[in-house]
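Please walk me through this structure.

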There are 2 protein chains.
Amino acid sequence: MKIGIIGLGLIGGSLFKDLKKLHDVIGISQSQNGENIFKSYEVLKDRELIFVCTPMNKTLKVLDELEEILPPDTVVADVCSLKEFVSQKQRPYKFIPSHPMAGTENKGFESSFCGLFKGAKWVITGEKNEKLISIIESLGATPVFTTAKKHDEAVAMISHMPMVIAQALVLAAKENPLAIEIASSGFRDTTRLALSNEEMACDMVKMNHKNIEQSILKLYKAVGDLTKGDYPKTIVEIKSIRSKMF
Amino acid sequence: MKIGIIGLGLIGGSLFKDLKKLHDVIGISQSQNGENIFKSYEVLKDRELIFVCTPMNKTLKVLDELEEILPPDTVVADVCSLKEFVSQKQRPYKFIPSHPMAGTENKGFESSFCGLFKGAKWVITGEKNEKLISIIESLGATPVFTTAKKHDEAVAMISHMPMVIAQALVLAAKENPLAIEIASSGFRDTTRLALSNEEMACDMVKMNHKNIEQSILKLYKAVGDLTKGDYPKTIVEIKSIRSKMF
């Protein structure tokens, strides 16, 4: 398949490394000094499927610019962590909002790798397009179909709010020098999401703050409920829920 | 050295596997049906150093029973996650409250392994005893000296409260089926502490609830403070603090 990828960071770079083995892939990125590797998106005109993998705050601009260039049957999927804001506008090409549930705390092409999407869920909040689905499945990922609204609520709960909590855990602990000195693997894992890159974290909090606030309130309620009933039984239930997740 | 270990779970078992390579070690445990492998602690009479690695709620009883048996120059160290409750009473042997900052979410001798303590901090809230320090250092761990009170506050912040938050995160997420379906590595790591074994979790929450409550309030304050100032700058500061920790 003729595939284009705009933005070669962790997600776009990993897609590039996986897909170039079997497909004709053009990757477009900016070098670190901001210079375009390709001068424009003209080279993407003949692509059947394009992944837009730029930071969230740049994605709408890229999607707008593609309107000038792409034929109407080109399939374009973004990979943003939020899906409502990209779904507001009709596009003259086949736009399919999507979000692969994969990543690490590292950023950039140098951190990208083959196999990042293996075993991951890949949320799609647009039409069931065969080209996109076949590529997603070839990466070892599983498409999950839902609405943009439900997606944005769910990621607040399992990704954006936990990131905020991880950041706050470090912030709270820093007042206690002994805590900082003796923290071990439990605290390390619990706070790994605090390493999320600043640009992404700010985009998430700015653009999904209502859902994040709701999730924080639900967390606080759960903290209060936790030891109200039969705590050992609740822990067993929690462990059972979590073991079904991973 | 003649060493004794009472309780061969994750911590005691790992100590046993490491120390028996170079020392004369007697391990005392209960089999799964509750039958004592050794009928009494009599066999520990000639030990120079004894580690008490039983669950927290059984440790005071074991320390009491050892009073009948041990000569006054025997060094006894417990490994409980809390240090104030074991420090209340004078013992007729050389009792040194200690806490290795190492563990996994698994329990039992079958989960124990050589090298668990390598690179770990090992908190001591009693006297600087050469025998104990040399053994701790031989395991690759670093002794950290502090008071029982400061220790219990610090572990609430970096271990017990994060465990409660991890449990509450799963409890809050379970109301959202999509969240449960699409959760990925970020949520998995953030909630790993929710897998802590029930007996240990209940002991921690029951015996350290005041410090845990204080830590929860500090976390809530940090959540509120997080985005008040310059959020990107705060994230950079948080990442810098965390990278010095691990």
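The paragraphs below go from the whole chain to single elements.

This is a predicted model, in which local features need pLDDT of at least 70, side-chain atom pairs count only at pLDDT 80 or more, and totals for chains, interfaces and linings use all residues. Residues are numbered from 1 along each chain as its sequence is written, while chains are lettered from A and ligands numbered from 1 in the order in which they are written.

Begin with chain A. Chain A has 9 helices and 7 strands. Both kinds of element are DSSP runs numbered from the N terminus, with at least four residues of H or I for a helix and at least two of E for a strand. The C-alpha trace of chain A spans about 60 × 40 × 30 Å along its principal axes. A compact globule of 246 residues would have a radius of gyration near 18 Å, and the 20 Å of chain A agrees with that. That radius is taken over C-alpha atoms, and the globule rule is 2.2 Å times the number of residues to the power 0.38.

Of the 246 residues in chain A, 48% are buried. Buried means that 20 or more other C-beta atoms lie within 10 Å of the residue's own; exposed means 12 or fewer, partly exposed is in between, and the C-beta atoms are placed from the backbone. Contacts need C-beta atoms, placed from the backbone, within 7 Å. Among contacts in chain A between residues at least 6 apart in sequence, 60% join residues at least 24 apart.

Now turn to the sheet of chain B. Its 7 strands form an open sheet in the order E2-E1-E3-E4-E5-E6-E7, with mixed pairing. Strand E2 (24-28) and strand E7 (142-145) of chain B are the edge strands, each pairing on one side only. Neighbouring strands of this sheet are turned by 25° against each other on average, direction ignored. Axes here are lines fitted to C-alpha atoms, for helices over the stretch in contact, and angles run from 0 to 180 degrees between N-to-C directions. Two strands pair if DSSP finds at least two bridges between them.

Look at strand E3 (residues 49-52) of chain B. B:Leu49 and B:Phe51 point one way from E3(B), B:Ile50 and B:Val52 point the other way, and all are buried. Strand E1 (residues 2-6) of chain B pairs with E3(B) in the parallel sense over 4 bridges. There, B:Val52 is the bridge partner of B:Ile6. E3(B) also pairs in the parallel sense with strand E4 (residues 75-78) of chain B, over 4 bridges. In that pairing B:Val75 of E4(B) stands opposite B:Leu49. An antiparallel pairing joins strand E5 (residues 94-100) and strand E6 (residues 121-124) of chain B over 3 bridges. B:Ser98 has B:Ile124 in E6(B) as its bridge partner.

One residue of helix H4 of chain B deserves a stop: B:Ala148. B:Ala148 counts as partly exposed because it has 19 C-beta neighbours inside 10 Å. Leaving out residues up to four places away in sequence, B:Ala148 touches B:Lys83, B:Glu84, B:Ser87, B:Pro97 and B:Thr125. B:Lys210 is 62 residues from B:Ala148 in sequence and 15 Å away in space, C-alpha to C-alpha.

Next comes the interface. Here 65 residues of chain B are in contact with 65 residues of chain A. On the chain B side, the elements giving two or more residues include E6, H4 and helix H9 (231-245). H4(B) gives the most to that side, with 17 residues.

What do the buried residues of H9(B) pack against? They pack against helix H4 (148-173) and helix H7 (198-207) of chain A. The residues in question are B:Ile235, B:Ile238 and B:Arg242. They cover an arc of only 65° around the axis, so they sit on the same side of H9(B). The arc is that of the directions from the helix axis to the C-beta atoms. An α-helix has 3.6 residues a turn, so residues three or four places apart point the same way. On the other side of H9(B), the exposed residues are B:Lys233, B:Val236, B:Ser240, B:Ser243 and B:Lys244.

Chain A has its own H9. In H9(A), the buried residues are A:Ile235, A:Ile238 and A:Arg242. Their arc is only 60° around the axis, which puts them on the same side of H9(A). The buried residues of H9(A) pack against helix H4 (148-173) and helix H7 (198-207) of chain B.

Terms used
Two residues are in contact if their C-beta atoms, placed from the backbone, lie within 7 Å.
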